Amino acid sequence: MRLLKLVPDNTNIDFVRLRGWAFGLTLALTLLAVGVTFAKGLNLGVDFVGGLMIEEKFPFPPSADRVRSVVDGLGVGEANIQTVGDGRTISIRLPVPKSNDEGATNAVVRKVEAALGQQFPGATFSRYDTVSGKVSGELIKHGVLAVVLAILGIGLFAIFRFEWQFGVSTIVAIVHDLLVTLGFFAITQFELDLTIIAAFLTIIGYSINDKIVIDDRIRENMRRYRKMDMREIINLSVNETLPRTVMTSVTILLALVALLLLGGHVLRGFTAAMILGIVVGTYSSIYVSSSLLITLGLRAEPNREKPGTTDKRKVTDAERITPRES
């Protein structure tokens, strides 16, 4: 039985040749993501802004203005209405009741449920979440801190494991991956909550796994081919690991697409973030992180043989361009 191969073993693609275009695209995507995030803002969930979030399902897509009018008329605070999924599910965000106890919260939920059921026959209550303002502030701080510490820890690992250039290129690529994903949430206005923070950390984990595999092969080839130009070493290393990179990305994407289609709207934001993170992370691993090593001045290790000795191992042209099994 023949093994499935998405990428041939003998690929010899000149990835470094496109690094100028890749750097330009990376910079453009990053600036666009940052600009959109500041211009449109993020749809922060109850986890981060505090309040009461009620989810109501309707038999048909209702008018958001009519739903807002009904809820505002109850005197429970100004309602923030958002359509979810196919339009038949409405997310209603309200301020936390002043008494801030479970009884008062349940009373508000029942009041909203009864009013919507009366105005929209067939509407059913789905779920509700509540978070106080103090807790939401702590969640923001801890969520951001977790992401920052993860990036710094990964960068330090790459510096001590390889060279400082590897650490810098890895941090740049991961920050790019996260900013592009954040810009996607600003454009789509998917709700950003703790589940999405978990998705960001998962994206970081996937990105570093992919980048470390390529960096390790680059480091290995630097020691093996000390006289080879750095462009050739990077192209050789990326081509050697390309079958593994593509196969890993495709298998993960298959699972994520199934989750996106069948997992429901509750997991839609998490799954969308993961899919975009995998695609952008694979791109940055191949075109950004590796090629950036040349810009940062990384060079192959010099031959440390004693004067008068020669390297008994000769590297043939065929060996230089034929990738090993990854």
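At what angle do α7 and α8 pack, and how far apart are their axes? The legends below work through that view and several others, all taken from a predicted model.

**View 1. The helix pair α7 and α8.**
These two helices pack at an angle of about 150°, and their axes are 9 Å apart. Angles over 145 degrees count as roughly antiparallel, so α7 is roughly antiparallel to α8. As for handedness, α7 passes α8 in a right-handed crossing.

**View 2. The whole protein chain, for orientation.**
Before zooming in further, here is the overall picture. The protein chain contains 10 helices and 6 strands. It has 326 residues, of which 42% count as buried. If you take the contacts between residues at least 6 apart in sequence, 79% of them join residues at least 24 apart.

**View 3. The largest nonpolar core.**
This core has 42 residues, and those with the most contacts inside it are Leu178, Phe200, Ile218, Met230 and Ile234. Which elements give two or more residues to it? They are α5 (133-161), α6 (164-188), α7 (194-224), α8 (230-262) and α9 (268-295). The largest share, 12 residues, comes from α7. A second, separate core of 20 residues is also present, and Val70, Val71, Ile81 and Leu94 are among its members.

**View 4. Isoleucine 218 and its surroundings.**
Here we look at one of the residues with the most contacts inside the largest nonpolar core. Setting aside neighbours within four places in sequence, isoleucine 218 is in contact with Phe166, Met230, Ile233, Ile234, Ser237, Ser290 and Leu293.

**View 5. Isoleucine 234 in helix α8.**
Isoleucine 234 lies in helix α8. Is this residue buried or exposed? With a relative accessible area of 1%, isoleucine 234 is buried, because buried means under 20%. Leaving out neighbours within four places in sequence, its contacts are Val16, Ile218, Ser290, Leu293 and Ile294. Isoleucine 214 makes a handy landmark: isoleucine 234 and isoleucine 214 are 20 residues apart in sequence, while their C-alpha atoms are 8.8 Å apart in space.

**View 6. Leucine 259, also in helix α8.**
Leucine 259 lies in helix α8 too. At 30% relative accessibility, leucine 259 counts as partly exposed. Its C-alpha atom is separated by 6.8 Å from that of threonine 271, a residue 12 places away along the chain.

**View 7. Strand β4 and its two partners.**
How many residues of strand β4 (residues 89-94) are buried? The count is 6 of the 6, so β4 is largely enclosed by the rest of the structure. Both of its faces are covered, with Thr89, Ser91 and Arg93 buried on one side and Ile90, Ile92 and Leu94 buried on the other.
Strand β2 (residues 51-57) runs antiparallel to β4, and 6 bridges join the two. Within that pairing, methionine 53 has arginine 93 as its bridge partner, and glutamate 55 has serine 91. β2 is itself mostly covered, as 6 of its 7 residues are buried.
Strand β3 (residues 80-84) also pairs with β4 in the antiparallel sense, over 5 bridges. In this pairing, threonine 83 stands opposite isoleucine 90.

**View 8. The helix pair α1 and α6.**
Helix α1 (residues 19-40) packs against α6 at an angle of about 40°, with the two axes 8 Å apart. The two helices are therefore oblique to each other, and their crossing is left-handed. Which residues meet here? From α1 come Thr26, Leu29, Thr30, Ala33, Val34, Val36, Thr37 and Lys40. In α6 they meet His176, Leu179, Val180, Leu182, Gly183, Ala186 and Ile187.

**View 9. Glutamine 189 in a loop.**
Our last stop is the loop between α6 and β6 (191-192), which is where glutamine 189 sits. Most residues other than glycine have a negative phi. Glutamine 189, by contrast, has a positive phi, near 60°. With a relative accessible area of 25%, glutamine 189 is partly exposed.

Note on methods. Residues are numbered from 1 along each chain as its sequence is written. This is a predicted model: local features need pLDDT of at least 70, side-chain atom pairs count only at pLDDT 80 or more; totals for chains, interfaces and linings use all residues. Side-chain values use heavy atoms; hydrogens and water are left out. A nonpolar core is a set of buried Ala, Val, Leu, Ile, Met, Phe, Trp, Tyr and Cys residues joined through side-chain atoms within 4.5 Å. Buried means under 20% relative accessible area, exposed over 50%, partly exposed in between (1.4 Å probe, protein chains only). Helices (H or I, at least four residues) and strands (E, at least two) are DSSP runs, numbered from the N terminus. Contact means heavy atoms within 4.5 Å. Two strands pair if DSSP finds at least two bridges between them. Axes are lines fitted to C-alpha atoms, for helices over the stretch in contact, and angles run from 0 to 180 degrees between N-to-C directions. Angles under 35 degrees count as roughly parallel, over 145 as roughly antiparallel, 65 to 115 as roughly perpendicular and the rest as oblique. A crossing is left-handed if the near helix is turned anticlockwise from the far one by less than a right angle, and right-handed if clockwise.
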